[in-house]
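Here is a short briefing on how this protein packs and pairs its side chains. Keep the sequence and the 3D view open as you read.

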Amino acid sequence: MIRTFGLLLFCLALPLTTRADSEAVAYTSLAITQPAAEETIHDNTGTLVVELRLVPALQIEQGHRIKLLLDGSAMPITETTSLVFTEIDRGAHTLQATVEDKSGVVLIKSEPVNFYMWRASALFRRH
């Protein structure tokens with residue numbers, strides 16, 4: 001009985017390792033769910049709400065981050081799949097998302113989404 005108890009204590013003292021500690025799981029999909037493709041967003045402040053679907057979830061513990069490209073220019077890097085940007089200019093835009101590891105290597109890339117920002121102007125006349 002004493003030997004079994006000693007073995008149990010030894011096993012409990014061993015460090016636990018998880019999959020997250022040892023290796024990263026490959027991402028299977030990354031998609032921009034908002035804005036929808038070819039959507040026209042009516043917002044006078046130029047507010048853009050972005051929603052992403054990432055499977056599996058972002059592996060922050062591995063140093064993975066999300067980067068958005070708006071018209072080819074990098075937006076601030078984030079750890080969330082729900083973002084809000086303001087003061088987006090009126091007109092046509094392209095949005096794309098990537099997941100990068102801590103070295104900046106792209107692990108997965110979404111399809112680009114084209115959308116349109118509509119902002120009222122004093123130049124628009126009412127009839």
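Please bear in mind that the model is predicted.

**Salt bridges**

- Searching the whole structure turns up 2 salt bridges.
- In one of them, Glu-79 pairs with Arg-65, and their closest N and O atoms are 2.9 Å apart.
- This pair joins distant parts of the chain, 14 residues apart: Arg-65 belongs to strand S4, while Glu-79 sits in the loop between strand S5 (73-74) and S6.
- Arg-65 is partly exposed too, at 27% relative accessibility.
- Lys-67 forms a salt bridge with Glu-100, with 3.0 Å between the closest N and O atoms.
- Here the link runs from Lys-67 in strand S4 to Glu-100 in strand S7, 33 residues apart.
- Because the cut-off for buried is under 20% relative accessible area, Glu-100 counts as buried at 10%, whereas Lys-67, at 21%, is partly exposed.

**Nonpolar core**

- The largest nonpolar core has 23 residues, and the members touching the most others are Leu-48, Val-50, Leu-52, Leu-68, Phe-85 and Val-99.
- Strands that each give two or more residues to this core include S1 (29-34), S4 (65-70), S7 (91-100) and S9 (113-118).
- Strand S3 gives the most, with 4 residues.

**Around Phe-85**

- Beyond its neighbours within four places in sequence, Phe-85 is in contact with Gly-46, Thr-47, Leu-48, Val-50, Leu-68, Met-75 and Pro-76.

Notes
Residues are numbered from 1 along each chain as its sequence is written. This is a predicted model: local features need pLDDT of at least 70, side-chain atom pairs count only at pLDDT 80 or more; totals for chains, interfaces and linings use all residues. Side-chain values use heavy atoms; hydrogens and water are left out. A nonpolar core is a set of buried Ala, Val, Leu, Ile, Met, Phe, Trp, Tyr and Cys residues joined through side-chain atoms within 4.5 Å. Buried means under 20% relative accessible area, exposed over 50%, partly exposed in between (1.4 Å probe, protein chains only). Contact means heavy atoms within 4.5 Å. A salt bridge is a side-chain nitrogen of Lys or Arg within 4 Å of a carboxyl oxygen of Asp or Glu.
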